[in-house]
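Hi,

Here is the structure I promised to pass on. Have a look at it, and then read on for what turned up among the aromatic rings.

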Amino acid sequence: MFAEDDDDDMFAEDPKDDHPSHASAMAVPQPQELDISMMDNWDDPEGYYNVRLGELINGRYHVTQTLGKGMFSAVVRATDSKTNKLVAIKIIRQNDTMRKAGMKEIDILEQLHEADPEDKKHVIKFERYFEHKGHLCMVFENLSLNLREVLKKFGRDVGLNLGAIRAYAQQIFLGLSLMRKCNILHADLKPDNLLVSEQLNVLKVCDLGSASSASDNEITPYLVSRFYRAPEIILGIPYDYAIDVWSIGCTLFELYTGKILFTGRNNNQMLRSIMECRGKYPPKLLRRGSLAHLHFDDMLNFHGTEEDKITGRLVTKIVDFKKPTRDIKTRLMGKGTRGMSDVEVKDLQSFVDFLDRCLSLNPEKRCTPTEALKHPFLTRK
Ligand SMILES: Nc1ncnc2c1ncn2[C@@H]1O[C@H](COP(=O)(O)OP(=O)(O)OP(=O)(O)O)[C@@H](O)[C@H]1O
């Protein structure tokens with residue numbers, strides 16, 4: 001899920017060291033149902049359920065591992081005693097707003113499942129939900145790692161190879177095409193919310209906790225985690241499915257390079273980082289943005305805020321972007337292509353073009369999931 005207030009964005013400049021989801025492997029006690037005589041407070045002060053390894057919940061799931069704490073839930077791995085298979089259970093925090101959000105997530109997951117009953121479209125498979133000691137619990141198929149963890153484990157600072165990126169991108173865009181068919185925006189795509197199987201070959205889009213119907217797109221400048229936030233959200237332009245394609249463009253760049261594509265401590269710095277790479281925002285679109293006045297004056301000059309190095313105070317200056325200084329091609333190919341075969345160079349060029357299509361500043365020009373799936377970068381075997 002995304003943070004309503006941007007100050008709460010869940011990772012700082014270097015998210016690699018900051019993600020909360022670390023699986024803990026410990027000896028697991030025998031399954032045992034907890035009862036009132038054993039404990040009188042199930043929750044921690046923040047409303048998270050105090051998970052106990054070995055606990056049997058819903059008379060069926062034997063908790064074996066904690067997978068991590070998000071803003072809205074604690075996620076555990078458990079064995080389903082009915083099927084003997086592993087599952088992941090998302091235990092929502094005890095809080096009315098979060099429970100309501102959980103019910104909305106369930107509704108969306110059910111719609112997606114109905115549209116893809118054979119589970120071919122790479123959206124996390126939702127099995128069922130139940131209530132446990134006042135917490136809403138959602139049962140999902142079990143997966144292994146999220147892509148932030150994959151990057152950390154296999155591609156620290158250098159990223160993954162293009163073959164892996166292609167295989168993941170195909171699966172992600174199949175997921176996005178299903179969401180589009182169901183009129184759903186994910187609105188929180190980032191490496192943390194893309195999960196892969198143990199063999200790393202199957203990917204599923206997960207965490208539909210921020211998802212909504214495309215018609216509910218009220219202007220809210222903190223939708224989507226900051227580094228993956230499309231400029232139209234920041235500018236207050238009515239947004240649609242294209243916000244998810246933007247987030248995936250950012251994610252794929254990061255998977256390949258190990259570096260975050262656009263960074264900033266706030267929305268203003270994000271706009272600046274985006275323009276340094278993608279150029280000036282088209283004036284016609286800026287004029288449609290109900291929040292553009294927070295960052296641009298009447299002449300459409302960009303007013304950038306930055307910390308004064310001496311006083312530490314925030315100062316605002318007009319910044320002109322004549323020509324992008326850190327464009328995608330330079331960042332991907334700038335170090336030269338020496339040592340690469342002709343085929344590899346062509347593949348990288350095709351990836352640059354693909355990212356260019358996913359990261360068009362104009363959301364109407366950004367490729368759709370169907371177009372993405374037909375792009376030469378993805379059709380090449
Ligand atoms: N089905 C699953 N299999 C394995 N791990 C999972 C599964 N679902 C979630 N996780 C792990 O738990 C983490 C948090 O899950 P999720 O994003 O759905 O919860 P959240 O409370 O919305 O978290 P956040 O606030 O960080 O977005 C994921 O990044 C992933 O590492």
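This is a predicted model: local features need pLDDT of at least 70, side-chain atom pairs count only at pLDDT 80 or more; totals for chains, interfaces and linings use all residues.

Which residues do ring pairs link into a cluster? They are Phe 173, Tyr 256, Phe 351, Phe 354 and Phe 377.

Residues are numbered from 1 along each chain as its sequence is written, and side-chain values use heavy atoms, with hydrogens and water left out.

Searching the whole structure gives eight aromatic pairs (Phe, Tyr or Trp rings, the six-membered one for Trp, with centres within 6.5 Å; stacked if the planes are under 30 degrees apart, edge-to-face if over 60, tilted for the rest). One of them is Tyr 61 with Phe 130, stacked at 5.6 Å centre to centre and 10 degrees between the planes. Tyr 61 belongs to strand E2 (residues 61-69) and Phe 130 to strand E5 (residues 126-132), so this pair ties together parts 69 residues apart in sequence (strands are DSSP E runs of at least two residues, helices H or I runs of at least four, numbered from the N terminus). Both Tyr 61 and Phe 130 are buried (under 20% relative accessible area, 1.4 Å probe, protein chains only).

The charged end of Arg 166 sits over the Phe 377 ring, 4.7 Å from its centre (CZ of Arg or NZ of Lys within 6 Å of the ring centre and within 35 degrees of the ring normal).

Cheers

How values were computed. Buried means under 20% relative accessible area, exposed over 50%, partly exposed in between (1.4 Å probe, protein chains only).
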